[in-house]
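Visitor: Please take a close look at one part of this model, the place where the two chains meet, and then go on to the details around it.

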Amino acid sequence: MMTSLAHPHTHSEHSAEHHAGWARWLYATNHKDIGTLYLWFAFAMFITGGVMALCIRAELFHPGMQYWQPEFFNQLTTLHGIIMVFGAIMPAFTGLANWMLPLMLGAPDMAFARMNNWSFWLLPPAAALLLISLFVPGGAPAGGWTLYPPLSAQAGMGMDLAIFSIHLLGLSSIMGSINIITTILNMRAPGMTMLKMPLFAWTSLVTAYLLIAVAPVLAGAVTMLLTDRHFGTHFFNAAGGGDPVLFQHIFWFFGHPEVYIMALPAFGIVSQIIPTFARKPLFGYVSMVYATCSIAILSFMVWGHHMFAVGMPATAQLFFMFLTMLIAVPTGVKVFNWIATMWQGSMTFETPMLFAIGFVCLFTVGGFSGLVLSIAPIDTQMQDTYYVVAHFHYVLVAGALFSLFAAVYYWLPKWTGFMYHEGRGKLHFWWSIVWFNVTFFPMHFLGLAGMPRRIPDYALQFTDFNAVASVGAFCFGLGQLLFFYNVIHTIRGGVGPAPDKPWEGGNTLEWEVASPAPHHTWESPPDIELVRRGLIAQAVEHEEEGDAR
Amino acid sequence: MESRVISMQQKNQRLALKLALAALLMFGFGYALSPFYAAFCQFLGIDRANASLTSAGAALRVEFDVNVAPEIPVTMQALDGVQVAHAGGQVRARFLLRNESDQTVYLRALPSFAPVRAAGLLQKLECFCFNAMSLAGNEQREVTVVLMVANQLPPEMGAATLSYSLQKIDPGQLRAM
């Protein structure tokens, strides 16, 4: 009886599974196939954005103009930002949510399988529009990923392509979010209450709500920009009575929660991995849930800290400054809970755990530099310098990206049915963490010394640190080929078949299905005893609580 | 059983519709920020492009202040230290200068408004600060400034200060002027 309750579309909506070859992917409605598509798309975008980053670092290796015209350099920085945020990190997290949520929640699939297909297939055209913009007259948008007018209002047609691309990306995100929220709220296995869900499900849920709240606001902002450019409106045009600063307010009303859209799923992943390899339940599960929700709520109220240098009354500066500092409290709760989880645990350091610990350490560094920037008088000095570049790369590369690497290594055995090569995985981690720091740590000093961001040339005193950062970037980039090789090697058999439960400390439901996870799982929702066993192991339910049922 | 299947589908669809509606509302909210923003800035008095203005006749307290550089043997006193300016009207203020030495001194007065925005609301029609001047030994002189007040005054300003700094110049500079 529960079977049909949990998966009403099993037979009608999986006709796509009969397709073979390319049609299997084009018509995919299975959450695992779509998750795989998302992850490969994100990886392709990661490489594309990464190559752009290397082009940027090549130019900045020496002072003076070497390889690119300044206009093209600006296009590279803009596209690198947009592609990494909207093309790589966000789809990767959606891909993980697609792959793992039904497995972790005991659901047979996502709630809306066909919409899931749509939300993925909007992404390739969006990416194509962005890349095509490089080849149109005037080139790609060159006003930075924030697309501030008046620069963006005056740019060539590449800007229009970017606006349409953002519309498609936003639509995809909203559809993906609706799917995630509906799946989590309506399709959990019996016995799994909200406060007993794996933390990755919680962070995915909160992230999806954030996206529904802010992605349309960005869509509104770029639509206003579009009508300003072509239809005579004056939302942001000062000559017509508009205000370019309004764009900044609207953009950052989206943009700051967006930062947490890229951070919260990472928190969820790390909260799954650390307990597994510490062989201890997650410390303070409920406080982690509340911290996640607090961060999400606070993220709506702090957008002004991106605009301290715009000119703002002192009262408003103080308001945004103190609220921004306040976010350090729930974030600190999370960091201390992860450390407390590891404390006196029987820890082993397989690759996912290494990446998770790397995440905790470096994300904390990024958090602290964020705390520095939250102080209005300091931010006024640091605005648009490399200190900011260093800060957000510590958060987004060592934060979001490292958590994604951790997730891939953690779940790869479940996805492929094969174990990856542990030595190569560890090499990937150590290589990445060393060269990441070589790349981005010097940027703190460059920023403190006053080097502006988004410039193709710089004063001579910045040469040494820039050279170091460029060497680091190229080595870091090279290391990602090792990651690619690792994944391909694992798909082709790796070092041998993976057991159903490759990690002894894994207690969540995905470890109860075979490796590789069959095309259809949880056709019947997991037995309530199975769910309870996992919940007890994760300490979100207690033995006596279970007996009472 | 079939009815329960449908009910789950319906439950999902209902939730999806609500979420889609929320997304749509947030799209509208993005647009609504435009009028909100203008109203909010006006409310806080930080709208620099279109400052909120009262109708003619509103009053503004104008204070006159003087500073004399230490090396100058001259005293300066505002005879009308505080005036009330009415929108569209004029303000006249007198200052008394006295040379305490036997020597001729050459001077100029540098005006400054606080807040700076007041400079746009109080235009100097006539001012002793327009030209440099000389004061013979022990001479005492009354000088004047006449300000034209703007037609509309922002209520949040309340008071404005016009401050003069008296500085010594070379006699050559006086002749050059």
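Guide: What follows starts with the contact between the chains and then moves to single elements and residues. The model is a predicted one, and every value below is computed from it.

The contact draws on 23 residues of chain B and 30 residues of chain A. Between them the two chains bury about 2,500 Å², and 74% of that area is on carbon and sulfur atoms. On the side of chain B, the residues that lose the most area to chain A are L19(B), Y31(B) and Y37(B), which together make up 23% of what that side buries. Sorted by residue class, the side of chain B that touches chain A has 16 nonpolar, five polar and two charged residues. Polar links across the interface can be listed briefly: two residue pairs are in polar contact, both at pLDDT 80 or more, and the rule finds zero salt bridges between chain B and chain A.

Next, chain B as a whole. Chain B has three helices and nine strands, and along the sequence they are arranged as α-β-β-β-β-β-α-β-β-β-β-α. Of its 177 residues, 35% count as buried. Taking the contacts in chain B between residues at least 6 apart in sequence, 76% join residues at least 24 apart. Chain B also has a cis peptide bond, from A114(B) to P115(B), with omega near -5°. P115(B) sits in the loop that runs between strand 5 (105-114) and helix 2 (118-121) of chain B.

In chain A, helix 3 covers residues 31-60, which is 30 residues, and spans 42 Å from its first C-alpha to its last, close to the 44 Å expected at 1.5 Å a residue. Helix 3 of chain A is largely enclosed by the rest of the structure, because 22 of its 30 residues are buried. At the start of this helix, a side-chain oxygen of N30(A) comes to within 2.7 Å of the backbone nitrogen of K32(A). L37(A) is one of the residues in helix 3 of chain A. L37(A) has 13% relative accessibility and so counts as buried, the cut-off being under 20%. Apart from residues up to four places away in sequence, L37(A) touches W25(A), A28(A), F120(A) and W121(A). The C-alpha atom of L37(A) is separated by 28 Å from that of F277(A), a residue 240 places away along the chain.

S271(A) belongs to helix 10 (residues 244-278) of chain A. At 4% relative accessibility, S271(A) is another residue that counts as buried. A polar atom of the side chain of S271(A) lies 2.6 Å from the backbone oxygen of F267(A). The side chain of S271(A) is also joined to the side chain of W338(A) by a polar contact of 3.0 Å. With neighbours within four places in sequence left aside, S271(A) is in contact with L199(A), L282(A), M288(A) and W338(A).

T364(A) lies in helix 14 (residues 351-374) of chain A. Its relative accessibility is 22%, so T364(A) counts as partly exposed. Outside the four neighbouring places in sequence, T364(A) is in contact with V335(A) and F359(A).

Some backbone details of chain A remain. P149(A) and P150(A) are joined by a cis peptide bond, with omega about 10°. P150(A) is in the loop between helix 6 (123-132) and helix 7 (151-154) of chain A. L147(A) is also placed in the loop between helix 6 and helix 7. The phi of L147(A) is near 55°, a positive value in a residue other than glycine, and L147(A) is buried, with a relative accessible area of 2%. Q344(A), not a glycine either, has a positive phi of about 60°. Q344(A) is found in the loop between helix 13 (328-342) and helix 14 of chain A. With a relative accessible area of 73%, Q344(A) is exposed, whereas L147(A) is buried.

Definitions and conventions
Residues numbered from 1 in each chain as written. Chains lettered and ligands numbered in written order. Predicted model: local features only at pLDDT ≥ 70, side-chain atom pairs only at ≥ 80, totals over all residues. Heavy atoms only, no water. Contact = heavy atoms within 4.5 Å. Buried area = accessible area lost by both parts, 1.4 Å probe. Salt bridge = Lys/Arg side-chain N within 4 Å of Asp/Glu carboxyl O. Polar contact = N/O pair within 3.5 Å; in protein donor to acceptor, adjacent residues only side chain to side chain. Nonpolar A, V, L, I, M, F, W, Y, C, P; charged D, E, K, R; others polar. Helix = DSSP H or I, 4+ residues; strand = E, 2+ residues; numbered from the N terminus. Expected span 1.5 Å × (residues − 1). Buried < 20%, exposed > 50% of the residue type's maximum accessible area, 1.4 Å probe, protein only.
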